[in-house]
Amino acid sequence: MTNLWAFLLQTLTVSAAAVLLLAVKGLFADKLSPRWQYGVWCLLALRVLLPVSTGRDTLLPLPVWVEAARAAAEGHLSSAYSAPYAPVSVAAPVPWLTAVPQSVTDWLFVLYTAGVVLSLLWYALSYVRLRRLLRFGLPLTEELERQLEDVCQRYGLTACPALRLEGLSSAFVCGVFRPVLVLPANREVDDKVLLHELLHLRHRDALQNVFWCLLRGLHWCNPFLQYVFDRIGNDMEALCDQRVLERLEGEDRRAYGQILLSMADETYARAPGTTSLSNGGKNIARRIAVIVRFKKYPRGMALVSVCIAAVLSGPVLVGTASGYTGTDTAPVSDAALALSMARTRLVGCSTVAGALDTYAKGLLLENGIYLAAASPLERQEELETAMAESGGTYLLYPGEELAEAEPSLGYSVCGLTRTEGGYQADLLFATAEDEDGEETAYILVPVTVHQEDRGWVVEETGQRQTGVAEGNLPAARYEASGESGSVTLSACVFCEVDNDISATDDVSVFWSSNAAFDETLKPDAAFDAVEARLTLTYTYPEDGPIQTVGVLYGPSPITDESEEMLGDLLALMDEEEGVSAYGGSSGGWSMEAQTLSQLEGTLCSSGVLTLEGADALPEAFCVQTCWDGGVQELLTLEEVEQ
């Protein structure tokens, strides 16, 4: 954590996780054993130690709220640790200072960091002071030594060095690496008290206490978490009580409860690296209630406990996906706009397709939130200011070039290619349709796509073009010449995200003959289809065919599928009536045949080749030329530089 906002997000997220665990623990208080009641706090420990994901929520949209508050506060400050449009980032659960503080929020973070250091220092000094006091301890009496040895033999436990200390009201184990059992010098010690402390020793509870003190120090200024850590300490004692009761019988269990009651007024406080039966004299009533309902839980409950913990681990450790809602993408007030922009800075586009889809929809729908979600952080202030000045509509005019774009026709991604820093492509927006419903003119917007910390972002890199025909779109070009003529083939790659809403998906388009365009935000979208639209031009010699011309073309090399299609093509060309036939296959092979009367020295054909990726164009194409029902020549088309 390098600023106040990162700590605020971390501590609020940990608090939310603690609320969830406390609620579940309360629900199963009398159903699951103290082992589970204490063990489930391991999830909270992991939540404290793991950096918070700013793209996920725990119970509440805390990352968005903190980000919105940060942007509002830092906009009026000149902080060294945070900037207005640099989103909250939690790289580690511990604080460190990266510069000289400049603003109020910087100094508050310095104060928090100093509190962490002082808290941990106080814990360390408390332990050192206690160890120094142990130097004045007295050796055990022979009777007490025999009592301790008898308890160890009776219950199969191992003791550690022990001593007596004047003025002590309760026994405890002190130390992790060289533990010492400390007993009151002027009070009798019951066997059950010794058993309790020896069980603490066996299960290394002093070490666990050190661990919880470290976590407590990281959140010293959060009173709710201080209460939670107190509950954790009490659950540790309740678990030790459970272990003691499992080894006792009949009246001994009742006597153990009476020992706890006698300690209800004790004021001894636990020090780091120690254990104590009284746990500071607090929460004795809750421990007595656990003892009253003591029972040995059936083995099957262990599986139930594990299953409940596994279910809780998702929302506690990972959180829930923080997706966009209709409110986020269509704000109706300045406050809603601030929250929406906060989410865009935290929840980026996880895929290239998602970034292009989001940016294209932002231009089509004049939606500034969409544009912000797919734009670099350096544009956030510009976009938020423009939306705030839109007169309450929070729309963003995309420019005169896109005024003729028809949103219902959607968009296409053309010529997506990999570059050194990411990708480049052209966004195509249809402006007109012919009688067959095919787009005849495009608005072309050149863009690049690259990654930021929050995800993929889009930037426009060139001048927008209007009235662009499909034949003028960027395409790979392949050429070959032979005795049967010359062939040119262009392959224009299109990537499509599935944005069609059919009648079965939305009742509002049930009566429509065409699918509607899905306007929802899809920052995690994938390309549903990647295809190359092929345009082939075959120029044959004047002394060549007499009646018909045909071509069969597709990716090199020739396949069994293309051989079968060649037979179909030749059969069509043998027909006596005028030939005008075309077809395609799932393998990307296309064929076309025409009579000479329909041609003027050139045969033009179009086909579609499905690709596995935008950069998966074949290195070469094969073209089989045919005249008058006979095969002429097989040409291999190689890509040429343009």
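**An enclosed strand and its partners**

Author: In this predicted model, strand E20 (residues 620-627) has eight of its eight residues buried, so it is largely enclosed by the rest of the structure.

Reader: Which residues of E20 point one way, and which the other way?

Author: In a regular strand, side chains alternate between the two faces of the sheet. On one side of E20 are Ala 620, Cys 622, Gln 624 and Cys 626, while Phe 621, Val 623, Thr 625 and Trp 627 point the other way. Both sets are buried.

Reader: In which sense, parallel or antiparallel, do E16 and E20 pair?

Author: Strands of a sheet pair through backbone hydrogen bonds, and the pairing may be parallel or antiparallel. Strand E16 (residues 548-555) pairs with E20 in the antiparallel sense, over seven bridges. Within this pairing, Val 549 has Trp 627 of E20 as its bridge partner.

Reader: How many bridges join E20 to E21?

Author: E20 and strand E21 (residues 630-640) run antiparallel and are joined by eight bridges. Cys 626 has Val 631 in E21 as its bridge partner. The two strands form a hairpin with two residues between them. In the turn, Asp 628 has a positive phi of about 50 degrees.

Reader: In what order do the strands of the open sheet lie?

Author: The order is E2-E4-E3, in an open sheet of three strands with mixed pairing. Strand E2 (162-165) and strand E3 (172-174) are the edge strands, each pairing on one side only. From one strand to the next, the twist averages 35 degrees.

Reader: Over how many bridges do E2 and E4 pair?

Author: E2 pairs with strand E4 (residues 180-184) over four bridges, in the parallel sense.

Reader: Which residues does Ser 119 touch?

Author: Ser 119 lies in helix H5 (residues 104-133). Leaving aside residues up to four places away in sequence, Ser 119 touches Gly 217 and Trp 220. Ser 119 counts as buried because its relative accessibility is 16%, and the cut-off for buried is under 20%. A polar atom of the Ser 119 side chain lies 2.8 Å from the backbone oxygen of Gly 115.

Reader: How many residues of H7 are buried?

Author: In H7, 10 of the 12 residues are buried, so the helix is largely enclosed by the rest of the structure. Among them are Lys 192, His 196, Glu 197 and His 200. The length of helix H7 (residues 191-202) can also be checked: at 1.5 Å a residue, its 12 residues should span 16 Å, and its end C-alpha atoms are 16 Å apart, which agrees.

Reader: What reaches the backbone nitrogen of Lys 192 at the start of H7?

Author: A side-chain oxygen of Asp 190 comes to within 2.7 Å of that nitrogen. The side chains of Asp 190 and Lys 192 also meet in a salt bridge, at 3.0 Å from N to O. Asp 190 is partly exposed, with 29% relative accessibility, whereas Lys 192 is buried at 11%. After H7 comes Arg 204, whose phi is positive, near 55 degrees.

**Salt bridges**

Reader: How many salt bridges does the count come to?

Author: Side chains of opposite charge can pair when their charged atoms come close. The count comes to 18 salt bridges, taking a nitrogen-to-oxygen cut-off of within 4 Å. One of these joins Glu 67 to Arg 70, with the closest N and O atoms 2.5 Å apart. Both residues lie in helix H4 (residues 62-74), three residues apart, about one turn of the helix.

Reader: Are Glu 67 and Arg 70 buried or exposed?

Author: Glu 67 and Arg 70 are both buried. They are also linked with Arg 345 and Glu 384 in a network of salt bridges. A further salt bridge is that of Asp 518 with Lys 522, where the closest N and O atoms are 3.2 Å apart. Asp 518 counts as buried, at 13% relative accessibility.

Terms used: Residues are numbered from 1 along each chain as its sequence is written. This is a predicted model: local features need pLDDT of at least 70, side-chain atom pairs count only at pLDDT 80 or more; totals for chains, interfaces and linings use all residues. Side-chain values use heavy atoms; hydrogens and water are left out. Buried means under 20% relative accessible area, exposed over 50%, partly exposed in between (1.4 Å probe, protein chains only). A polar contact is a pair of N or O atoms within 3.5 Å; within protein, one must be able to donate a hydrogen and the other to accept it, and residues adjacent in sequence count only if both atoms are side-chain atoms. Contact means heavy atoms within 4.5 Å. The expected span of a helix is 1.5 Å times one less than its number of residues. Two strands pair if DSSP finds at least two bridges between them. Axes are lines fitted to C-alpha atoms, for helices over the stretch in contact, and angles run from 0 to 180 degrees between N-to-C directions.
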